[in-house]
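Dear colleague,

Please find the structure below, together with its sequence.

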Amino acid sequence: MSRNERIAYFSMEIGLDTAMPTYSGGLGVLAGDTVRSAADLQVPMVAVALLHRKGYFFQRLDANGWQHEEPALWAVNDFVEEMPERTSVQLEDRVVRLRAWRREVVGHGGYRVPVYLLDSDLPDNSEWDRKLTHYLYGGDAHYRLCQEVVLGIGGLRMLRELGYTHIERFHMNEGHAAFLALELLEEHMQGEGRSYITPEDLEAVRRRCVFTTHTPVPAGHDKFPIDLVIKVLGHKEILTHKTLCESEGVLNMTFLALNLSRYVNGVAKRHAEVAGRMFVQYTIDSITNGVHAATWTARPFQELFDRSIPGWRQDAFSLRHAESLPKQDVWQAHRRAKEWLIQYVNREDNVGMDVDVFTIGYARRAATYKRAGLLFHDIEWLRQIATRTGAMQIVYAGKAHPHDAHGKEIIQSIFHAREALKNVIKIAYLENYDMELGKLMTAGVDVWLNTPQPPLEASGTSGMKAALNGVPSLSVLDGWWIEGCIEGVTGWAIGEDDRHPPEQIDPARDAACLYQKLENVIIPMYYHDRDGFLDIMRHCIAINGSFFNTQRMMQEYVLKAYFR
Ligand SMILES: *Cc1c(COP(=O)(O)O)cnc(C)c1O
């Protein structure tokens, strides 16, 4: 059977359903939202990722705030359907067999985008190979390399096996998928009946490839010793092309993708500039991320939009009419979303939070550059704000990577701050931040806080989810917020956008800005100028919700990357 999809989207992680632990954070949620919008817009796309039977991990925090990880267990066949086709990849001297599981993502008009999740857990394979598609971001460099071979090379072979012969564009979502380009090159050379690479071969692959880079953080760019790559993949001419992928004995997956893609983009305007300085020989465009509006809008706001802005599910641009929503309706929808969150927090953490109290939300991967603890930089100052200006409560969530001891210490430091502030500010740290909790939190707090170290936040998307639910952001100017922040209209900035160049690292300065905004502007407005606060809430939906969504994003990919 021949299938007609024309775009193939490859991603190491993908957030299809909150209960499928095939994602760890923003990259996977974005992949899921991309596919959801492709289905809405009837973009002829097929997506490929790994099955991740043991997920990223299940998080437990002990009484001291120390993180413990367990495999995330899930019933695969409750969510996906096994395909009869098989394919294989060669790893060292072994042939590793692969199968695929399918899940269809259905758009508003009923259009379906198939997603295939690759699985090496087959009885023919060795014990070690069977585990290759178990853990997302688990294991050592060797394990990761083999996983990326499964995704890129195995993924393309599986698509061919499944009958996808008309694919015109291959989209690599981050460098994890870059072996896809290598396999396309191999296919092309076989077609030409040649075993050496010509510039025309490279150009033929380039014409078909699109690459999105997602982070300026060096650890986010996979690098493997070239000896290890040759051990796993065998001697391939391309691997020794110094200008293409290798620097000083290292295969850099980002360079491989950059060199073999015709169109490359960063995920926000500022990120594209930063990436352009990291990779000066390349042209890096920008397509700012978004979120899938219907997925991330809480039910009370869905009902309000359905009544007042019909058609918003098909056309997120129409959310601009939120400007004229009756204020009492916006407040009522927000109250309901907030009640759900506060009930959840009290059930989980027994903190006795109060729906009438000003509530700050913060949820992110506990990575160092995200600076989760900035709010507690000066505990005394924060205590004084809560006693003098107005009561506040704070909801936290987020996982640290299992190997990231510093990330785990960050979580623990929030437990310590909670203890230090216990009679003044109620603070909860919720376990197992996932899509469902993300939705509950971004809709249910009064202000969404973000404090990354510029310029390391490529985009960030949780603040966009908040905006759809009328929740303003209070954030450092980095990533999407440089584009989304209109001071006092859609939210508030922490500090100025004045760090380029040189980058200044001064947590005390940022913390002071944060406290001053809370003390002088936000908390007084929340308690004493509800009307003004509701103006901001409506602007969030109308100005930012209508733009920072994956419908607009997908339209940009179609125009700039897929069909050009
Ligand atoms: C939206 C989301 C993210 C990404 O948000 P950031 O602002 O980039 O941190 C990460 N994890 C989950 C579970 C999410 O829902």
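This is a predicted model: local features need pLDDT of at least 70, side-chain atom pairs count only at pLDDT 80 or more; totals for chains, interfaces and linings use all residues.

A salt bridge is a side-chain nitrogen of Lys or Arg within 4 Å of a carboxyl oxygen of Asp or Glu. Two such salt bridges are counted between domain 1 and domain 2.

Residues are numbered from 1 along each chain as its sequence is written, and side-chain values use heavy atoms, with hydrogens and water left out.

The domain bounds come from an automatic or database domain assignment. Domain 1 comprises 7-289 + 553-562, and domain 2 comprises 309-548. Their centres, taken over C-alpha atoms, are separated by 32 Å.

Contact (heavy atoms within 4.5 Å) links 36 residues of domain 1 with 39 residues of domain 2. Between the two domains, about 3,200 Å² is buried, and carbon and sulfur atoms give 58% of this area. Buried area is the accessible area (1.4 Å probe) that two parts lose on being put together, summed over both. Of the area that domain 1 buries against domain 2, Q59, W66 and R270 supply 21%, more than any other three residues.

Yours sincerely,
A colleague
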